[in-house]
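Below are some notes for someone opening this structure for the first time.

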Amino acid sequence: MFISFIFIQELRQEFLRNGISVHIQGSDDSQTACRELMVESGSLRNFIYGIRYRANDVSDTVVGSLSFPTITEEENYEPICYFADGRRGYSIKYMQKDELITDVLRQYERYVKMLAAGKHDLYLTDKVHPGQGGKS
């Protein structure tokens, strides 16, 4: 899997240092491989920072080119993050381990600030999981 066990434990430890309990879940199925870090939020929508692969087609010209000898497959897989609220994720392909940990913590901080502001109804309901959220 693209997210190592050591990285997951380091990320979990960072949350635990701040008194935040996290759950790691995911799938290793080749079609839906993913990892999700989840912080349960009681009656509100849980915080989820997930990572999955997105397949991108590679041009036949590039696959057969001597200029790119390491590219031998017609698909390239890129790790993309995603969130429980449906916001569009982004590529994390070039992030170093510490940058990725910082990104997860930054997204969690954003989540907490939005909850505290009380102006963001999207965090109060979860139409995918009706039992979670205050207005379902």
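1. Arg45 is buried, because its relative accessible area is 8% and buried means under 20% relative accessible area, exposed over 50%, partly exposed in between (1.4 Å probe, protein chains only). Arg45 belongs to the loop between β2 and β3. A polar atom of the Arg45 side chain lies 3.1 Å from the backbone oxygen of Ala84.

2. This is a predicted model, in which local features need pLDDT of at least 70 and side-chain atom pairs count only at pLDDT 80 or more, while totals for chains, interfaces and linings use all residues. Residues are numbered from 1 along each chain as its sequence is written, and side-chain values use heavy atoms, with hydrogens and water left out.

3. The protein has three helices and four strands, in the order α-β-β-β-α-β-α along the sequence. Helices (H or I, at least four residues) and strands (E, at least two) are DSSP runs, numbered from the N terminus. Of the 136 residues, 32% count as buried.

4. The largest nonpolar core has 19 residues. Such a core is a set of buried Ala, Val, Leu, Ile, Met, Phe, Trp, Tyr and Cys residues joined through side-chain atoms within 4.5 Å. Two or more residues each come from α1 (5-17), β2, β3 (47-57), β4 (75-83) and α3 (97-117); α3 gives the largest share, five residues. In soluble globular proteins, nonpolar side chains tend to be buried together.

5. Leu37 is among the core residues with the most contacts inside it. Beyond its neighbours within four places in sequence, Leu37 is in contact (heavy atoms within 4.5 Å) with residues including Leu11, Phe15, Tyr49 and Val104.

6. How many aromatic pairs are there? The count is six, where rings of Phe, Tyr and Trp (its six-membered ring) pair if their centres lie within 6.5 Å; planes under 30 degrees apart count as stacked, over 60 as edge-to-face and the rest as tilted. Phe47 and Tyr108 are edge-to-face, because their planes stand at 80°, with ring centres 5.1 Å apart. This pair links strand β3 to helix α3, across 61 residues. Phe47 also forms a tilted pair with Tyr111, at 5.4 Å centre to centre and 50° between the planes. Phe15, Phe47, Tyr108 and Tyr111 form one aromatic cluster.

7. The charged end of Arg87 sits over the ring of Phe83, 3.9 Å from its centre. The rule for this is NZ of Lys or CZ of Arg within 6 Å of the ring centre and within 35 degrees of the ring normal. Arg52 lies over the face of Tyr82, at 4.3 Å from the ring centre.

Terms used: A polar contact is a pair of N or O atoms within 3.5 Å; within protein, one must be able to donate a hydrogen and the other to accept it, and residues adjacent in sequence count only if both atoms are side-chain atoms.
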